Amino acid sequence: MTKVLISADLEGISGVVHGTETSPEGYDYARSRALMTAEVNAAVAGVLDGEPGAEVWVADAHGPFRNLLPEELDRRALLVRGKPRPFGMLGGLGPDTDAVLFVGYHARAGSGPAVLAHTMNGVNLDVRVGGRSLGEIGLNAAMAGYFGAPVVLLSGDDRACAEFGELVPDAATVEVKRALAQAAAVALHPEEARERLRTAAAGAVVRRGEIAPFTVPGPVEVEIDLALPHTVDLATLIPGVTRAAGGRTIAYTAADYAEAYRVALLVGQLAGITPA
């Protein structure tokens, strides 16, 4: 049976432009999570249009990983919800995964104009793998590639689509909005976005054999620029992680990409710790 994983973020959903719409404490979060669930359902439907017998897993991959409305999700999909968990935004990924879709993704920190651009948290200023700057798009695509799974589709704003296209040029993209600034965009109507996403998902799954996985061979050298000095202090407590020149950068070398990814996830969790 074909296994397809959909990793769903919130910042790249059509109509979403501001942080108050992506935080559980925000005034319009309820609407955003409903829009997110509807776009994911469109992707699920598209996958099953193209591959009727597929097993579809959906990884809730924004913030607390508890955003999608379980009772509103397409009942044919399996939902991976909550954190912490193996492979973070790619919960459910494994050697049995045949294809991955990124729904509602955003561009990396420092991109602009790009809607709600960041990399994993508000503390990572840049993440470089082998000297190449990667955001969540690249970091997660490489993790899928570690298991040989191609990312066959991404939906988000124009900057996210362009960033993904540089890494996986043969994959499909669905531009649901055009960024004007960090918190402004010209967006498609949600129903139009869903129709385009469903159509693209069906075609992308059918073409999965033509799309090469994005891979990063080991050993893997990683550098992370961090905004908060105490996060650097905490990160250097991890064996193998050192403080690089400049004071705000940490560096480490991992045996393979899976190890590099796990350390990056841990550093991201450390970013949420404040000094006692």
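Predicted model: local features only at pLDDT ≥ 70, side-chain atom pairs only at ≥ 80, totals over all residues.
Numbering runs from 1 along each chain as its sequence is written, and side-chain values use heavy atoms, with hydrogens and water left out.

1. **The five-stranded sheet.** Take the sheet first. It is open, its five strands come in the order β6-β5-β10-β12-β11, and the pairing is antiparallel. β6 (132-133) and β11 (242-243) are the edge strands, each with a single partner, so one side of each has no neighbour in the sheet. Strands here (E, at least two residues) and helices (H or I, at least four) are DSSP runs, numbered from the N terminus; two strands pair if DSSP finds at least two bridges between them. Between β5 (residues 124-129) and β6 there are two bridges, in the antiparallel sense, and Val129 has Arg132 in β6 as its bridge partner.

2. Arg128 makes a salt bridge with Asp126, with the closest N and O atoms 2.9 Å apart, and another with Glu223 at 3.1 Å, N to O. The Glu223 pair links distant parts of the chain: Glu223 is in strand β10 (residues 220-226) and Arg128 in strand β5, 95 residues apart. The term salt bridge is used for a side-chain nitrogen of Lys or Arg within 4 Å of a carboxyl oxygen of Asp or Glu, and by this rule the count comes to 12.

3. **How covered is that pair?** Arg128 counts as buried because its relative accessibility is 16%, whereas Glu223, at 32%, counts as partly exposed. Asp126 is buried, as is Arg128. The cut-offs are under 20% relative accessible area for buried, over 50% for exposed, and partly exposed in between (1.4 Å probe, protein chains only).

4. Glu192 and Arg196 sit four residues apart in helix α4 (residues 190-206), so about one helical turn separates them. Elsewhere, salt bridges that share partners join Asp126, Arg128, Glu223 and Asp225 into one network.

5. **The nonpolar core.** The largest core has 92 residues, and those touching the most other members are Ile6, Val47, Leu90, Val100, Leu101, Leu153 and Tyr257. Helix α1 (residues 29-50) gives the most to this core, nine residues. A nonpolar core means a set of buried Ala, Val, Leu, Ile, Met, Phe, Trp, Tyr and Cys residues joined through side-chain atoms within 4.5 Å.

6. **The largest pocket.** Its volume is about 470 Å³. There are 23 lining residues, and Gly63, Phe65, Lys83, Met120 and Gln269 lie nearest the centre. Two elements give two or more residues to the lining, α2 (136-146) and α6 (257-270); α6 gives the most, with four. On a 1 Å grid over the protein atoms alone, a pocket is an open set of points where a 1.4 Å probe fits, with protein on both sides within 12 Å along at least five of seven lines, and lining residues have an atom within 4 Å of a point. The volume is the space filled by probe spheres set on the points, which are joined across faces, edges and corners.

7. Two peptide bonds worth a look are cis, each with omega near -5°: Lys83 to Pro84 and Gly112 to Pro113. Phe65, in the loop between β2 (55-60) and β3, has phi near 60°, a positive value in a residue other than glycine. Phe87 has a positive phi as well, about 70°, and lies in the loop between β3 and β4.
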